[in-house]
Amino acid sequence: MTRGGPEAPVLAVAGLAKAFGGVAAVAEVSFAVARGEMLALIGPNGAGKSTCFNILSGQIRPDRGAVYLNGESVTGLSSRAIWRRGVGRTFQITATFASMTVRENVQMALISHHRRVWRFLRPARHYFAAEADALLAPVGMQDQAERAAGELAYGDLKRLELAIALANAPRLLLMDEPTAGMAPAERGGLMALTRRLASERAIAVLFTEHDMDVVFGVADRILVLDRGRLIAAGSGAEIRANPEVRAVYLGSGATSGGH
Amino acid sequence: MNKISLSRRALLAAGTAALAAPRLARADTNAPIRIGEINSYSAIPAFTLPYRNGWQLALEHVNAAGGVGGRKLEVISRDDAGKPQDAVRLAGELIESDKVDLLAGGFLSNVGLALSDFSAQKQVIYIAGEPLTDALVWQNGQKFCYRLRPSTYVQAAILVEEAVKLPAKRWVSVAPNYEYGQSAVKWFSELLKARRPDVEFVAAQWPALGHIDAGAVAEALASAKPEAIYNVTFGPDLTNFVRQGNTRGLFEGRSVVSLLTGEPEYLDPLGDETPSGWIVTGYPWASLDTPAHAAFRAAYQKKFNDYPRMGSVVGYSLIHAIAAGIGRAGGMTPDQLASGFAGAAFETPFGPALFRPLDHQSTLGTFLGKTALKDGKGVMVDWRYVDGASVMPPDEAVRKLRPGAG
Amino acid sequence: MVGGGQLLLSLLTGLADAAGLFFVASGLTVIFGVTRVVNFAHGSLTMLGAYCGWSLISRLPPTPLGFALGTLATMVLLAVIGAGLEIGLLRRVYRAPELFQLLATFGVVLMTQDIVQWLWGVEDLALRRPPWLRAFVRLGGARFPRFDLIVIALFPLVFLLLWLVFTRTRWGRLVRAATEDREMVAALGVDQRLLFTSVFALGAALAGLGGVLMLPDASANLGMDLTTVTDAFVVVVVGGLGSLPGAAAASLLIGLLQAFGIMLVPRATLALVFVVMAVVLVLRPNGLLGRPPGRGGVLGEVRALVRPAPHVLRWLGLAALILAALAPLLLGPYALAVGTEMLIAMLFAASLHFMMGPGGMVSFGHAAWFGIGAYASAFAVHLLAAPMPVGLLLAPLAAGLIAALFGAFVVRLSGVYLAMLTLAFAQITWAIAFQWVDLTGGDNGILGVWPARLVAGPRGFYWLALTLAVAGTLGLRAVLAAPFGYTLRGGRDSRVRAEAIGLPVTAIQLTAFALSAAAAGLAGGLYAYAKGSVFPTYISLGHSVDALLMVLLGGVATMSGPILGALAYTGLYDVLLSATSLWRLALGAAIIVLVLAAPEGIAGGALKLWQRRRPA
């Protein structure tokens with residue numbers, strides 16, 4: 001079933017549910033992300049953010065519900081297949097190819113995108129070098145293109161991951177804790193960069209984040225998960241004002257108005 | 001197969017003519033005759049170290065007596081680490097770098113076969129000492145290879161001489177699962193059944209070499225309710241099997257016929273657990289008092305402060321066999337040597353033997369007897385020497401088995 | 001056919017076997033669990049236990065008390081030896097990638113063989129059994145050794161004791177914590193060095209116990225190190241690495257299967273054990289009770305940047321190639337035969353490095369592919385009467401195709417489990433070559449596999465080997481530099497990342513496995529024609545270890561490592577084998593020195609020196 005058309009959201013999630021050993025990790029979650037929109041997914045530890053992310057990127061199959069990319073169902077497809085449909089991903093703990101240079105890391109994504117993996121003779125370094133540099137430039141990594149990814153500073157790794165995620169000209173970017181482990185000063189820079197790229201390239205961004213300054217600073221909309229359920233959705237101001245969210249984050253004392 | 005080896009020989013003839021030339025030139029001098037010797041010294045030291053003592057002793061004797069045709073013998077020895085592929089490489093080194101006149105040695109059958117194949121290709125004489133496989137002189141027999149020790153067939157055939165006299169009809173066998181074990185069982189059962197049609201083999205156990213699960217093997221054999229057991233295991237497997245068999249009473253009230261078990265290498269580790277009354281082939285070193293053996297034993301004990309093992313006899317006889325073969329050859333070319341060895345007679349501690357022109361197998365035999373316990377050690381009693389020539393198949397049959405014989 | 005009494009006897013026999021397996025394997029699994037050392041020398045410790053036990057018990061009164069005292073003393077002695085080994089050697093290489101510790105322990109295996117032979121001589125030493133050791137009980141008309149009943153009783157006793165130590169003592173809790181998360185325990189300020197040393201001592205003591213308890217049924221002999229270590233590895237892997245209950249369960253499974261298997265398939269007992277291991281690994285990739293391995297494979301975190309060879313090295317390589325091509329004009333036939341072997345070893349090592357280095361798939365059974373190639377060529381000659389080019393074509397094809405089928409199971413696993421599945425396959429292949437005499441000629445091999453006329457001389461064949469080995473090695477290098485090879489390396493560096501950018505990691509790994517096997521098969525085919533014969537020794541564990549040694553000695557992280565490693569190892573081996581009867585001692589010592597001096601391997605060490613001289 002295709003519900004195409006320009007107005008279809010980039011990502012639409014309907015009634016997603018996943019339980020582990022009888023415990024619901026994600027229950028009846030539905031939302032959508034539009035082109036160029038930055039949507040933050042927040043919630044306390046164990047709220048189901050990671051499960052949600054892993055379902056969207058194809059690492060876990062949901063028990064129920066459906067995931068649509070540009071109107072097309074991708075429910076239960078593998079991470080490879082989902083990437084092929086234009087979804088880039090960064091990881092909470094960065095995952096790059098440590099034995100390759102920064103440029104080669106991006107070249108690998110380009111080689112995959114252009115379906116040149118099964119090539120056995122011509123050296124890989126000749127494939128898409130210029131295109132890789134063109135992706136490294138906007139994230140500010142072109143100066144370090146020759147360095148080994150294994151020896152990069154953490155913030156640089158995050159930026160490299162962003163460049164890799166952009167290699168298949170994605171329509172959706174999934175970023176799991178993009179600023180985790182970064183110095184506070186760096187965080188704003190990375191998210192501003194993401195914001196700029198998202199609007200320039202009309203990419204929808206879904207991210208999870210612990211740093212509330214980052215969340216409220218860049219997100220267009222915010223979703224709040226608690227114990228697998230979506231308890232609130234809206235703009236930063238709306239979320240701040242939501243009593244249920246306050247209860248989750250500040251503890252039960254807040255709702256009973258203890259002060 | 002025949003065709004392949006023929007064309008190979010034809011093709012190599014030109015190459016070897018050049019190789020043989022320097023050897024011819026050196027034959028005129030009084031330089032020592034060099035024997036390139038290869039054996040599995042590090043892999044199977046229990047057998048090969050006494051063997052080395054044996055050939056060292058013989059070397060002394062031959063050279064003290066003036067050598068062969070006025071030339072001394074010299075042995076250049078190499079360790080093949082138990083690998084045929086290394087043996088072949090070392091053979092190449094011995095021929096080219098050390099300029100040896102002939103090759104000798106080998107304990108493992110595969111090393112012997114590899115060296116024989118190599119010797120055919122390079123047209124160099126190879127005198128195999130210990131390898132037992134029949135293929136060495138039969139299926140894969142070739143002009144340049146002679147073998148000293150009685151083969152698997154001969155050993156099995158010698159045992160059959162006594163086995164036929166047993167009343168037992170229900171037999172079981174236990175043998176290590178590889179070529180040696182399989183042919184030892186095949187020959188024994190064929191030869192026994194030919195003379196005793198009433199005999200049947202009701203069960204067979206094939207433990208992996210060095211991996212015997214002796215308790216389970218003993219159990220499995222016992223459950224077949226045999227009257228007699230034919231054993232081919234040796235070394236650590238045999239010790240293990242005998243101990244489990246003794247405790248479980250496997251051998252009680254049953255005849256046991258066992259290949260090679262009377263050789264000190266395999267009998268000694270059994271110690272005070274040596275079962276009595278097993279019919280075995282072997283080497284009764286302590287009680288064999290023929291003049292030839294007594295002299296050999298005395299010289300050996302004097303030099304090495306140890307008693308001789310089966311390997312010592314093989315090593316000792318090997319050098320004498322080589323000396324005899326060279327002495328009969330008119331010169332040192334491979335062809336002259338090959339005809340020199342055919343029919344060459346030589347002395348061994350067991351008595352005289354010769355290389356049969358028919359299949360290049362020596363007529364060296366072995367001792368057939370019974371095991372017994374004496375002062376807490378295993379010994380052979382009631383033994384007699386069985387000459388290898390006496391149990392060989394008829395010449396016609398050998399010609400069929402050896403494609404190259406003629 | 002099989003009555004109840006028979007069943008009981010087989011059951012008891014199997015239990016006794018299982019107990020013997022457990023004593024040795026429990027030590028191995030405890031050591032692996034905590035230190036992550038793949039201790040190849042564990043069989044050597046067992047052998048030392050048997051010999052020390054023989055020496056001690058022979059001097060004690062032949063009573064149960066004397067036996068027990070001797071056993072305990074042996075365990076203490078072995079604990080001291082184990083601790084010494086850990087402090088003197090392994091502690092110095094913990095920082096090196098994990099497989100280098102395997103290399104070091106293999107050096108220990110070689111040295112121990114010569115040391116034991118020197119100390120105790122060459123003859124099998126069987127312990128004189130006093131009457132109480134020969135005693136038996138009657139079970140339904142049959143006799144069963146009483147000592148085996150004692151061994152069976154010791155099985156749960158030792159297990160329970162170990163279990164109590166691990167669950168009820170502070171030390172045991174630390175050990176278990178270290179098994180789960182080494183870094184965490186270190187972060188908590190526990191003295192890891194002491195912990196590792198004590199664990200190694202305990203493991204060695206258990207190996208000693210296993211060795212001593214073999215004495216009443218068997219003998220102390222020079223071959224028992226390798227026979228016990230393969231069995232122990234199988235048990236540990238089937239049970240799940242590091243899991244004590246797993247080792248107990250696997251011992252039971254294998255011990256009982258052996259005892260009953262002998263009744264049903266007496267010819268296939270050797271293969272049976274490995275078939276069981278393969279089946280378990282296919283069904284449960286982490287063994288019966290094992291857990292998925294944590295971060296980092298057996299190769300640890302070697303993730304050095306791989307660069308194209310510097311220009312100097314390229315010129316050096318070209319010069320070496322030209323020199324190698326001219327060699328037949330300068331050298332005699334023997335030197336050329338050695339050169340041919342070195343070239344084949346180079347291709348063999350390069351093929352293992354291909355899957356092990358960039359592929360991250362370590363193989364303990366790479367000789368299987370070499371052997372399949374060699375036997376394919378031999379069958380081509382003997383069964384098809386095919387000319388040499390066909391034989392040389394069939395060799396890589398057969399190895400590659402079989403690997404492609406078998407590889408589907410392999411690439412699902414990782415780390416030591418993957419390595420052990422390859423070992424299982426190699427051992428089954430070896431058992432077929434060794435035991436199926438009608439097909440393969442058994443250990444007598446297949447003779448008369450001589451090359452075609454054109455290349456029959458040493459020069460001609462050398463040139464042929466040079467062409468094919470260099471083409472194969474350079475071909476593998478080219479593939480590694482191409483997108484395919486990069487993808488393979490990407491899957492090793494970070495499987496998550498590779499899949500997140502759509503790379504077909506599993507398909508690439510399977511193809512790489514088959515390619516690696518095909519290259520090893522080509523090496524095997526060449527070797528068959530070079531030697532004129534094939535033997536099961538080509539497939540033996542020793543030959544697989546040779547390949548591992550070549551790759552590790554050369555260095556995993558650099559592309560030139562396997563080439564240097566192959567040349568250095570074959571050269572060293574040839575020289576030592578001809579030069580000294582103590583070649584195992586010398587080779588083992590040389591390996592240990594190299595491991596300590598250059599944990600990155602020869603090529604890695606050279607690269608480091610080079611970089612130090614020329615700062616980037």
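I shall speak about the salt bridges, then the chain contacts, and finally one serine.

This is a predicted model, in which local features need pLDDT of at least 70 and side-chain atom pairs count only at pLDDT 80 or more, while totals for chains, interfaces and linings use all residues. Residues are numbered from 1 along each chain as its sequence is written, chains are lettered from A and ligands numbered from 1 in the order in which they are written, and side-chain values use heavy atoms, with hydrogens and water left out.

Let me begin with chain A. A:Glu37 and A:Arg221 form a salt bridge, at 2.6 Å from N to O. A:Glu37 sits in the loop between strand 2 (23-33) and strand 3 (38-42), and A:Arg221 belongs to strand 9 (residues 221-226), so this pair ties together parts that are 184 residues apart in sequence. Helices (H or I, at least four residues) and strands (E, at least two) are DSSP runs, numbered from the N terminus. A:Glu37 is buried at 11% relative accessible area, whereas A:Arg221 is partly exposed at 27%. Here buried means under 20% relative accessible area, exposed over 50%, and partly exposed in between, with a 1.4 Å probe and protein chains only.

I turn to a pair that crosses between chains. B:Arg89 and C:Glu341 are joined by a salt bridge of 3.1 Å, N to O.

Which chains share the most contacts? Of the two pairs of chains in contact (heavy atoms within 4.5 Å), it is chains B and C. By contrast, no contact joins chain A and chain B, whose closest C-alpha atoms lie 35 Å apart.

Finally, C:Ser544 lies in helix 23 (residues 541-554) of chain C. C:Ser544 is buried, at 1% relative accessibility. Beyond its neighbours within four places in sequence, C:Ser544 is in contact with C:Phe364, C:Gly365, C:His366 and C:Ala367.

Note on methods. Salt bridge = Lys/Arg side-chain N within 4 Å of Asp/Glu carboxyl O.
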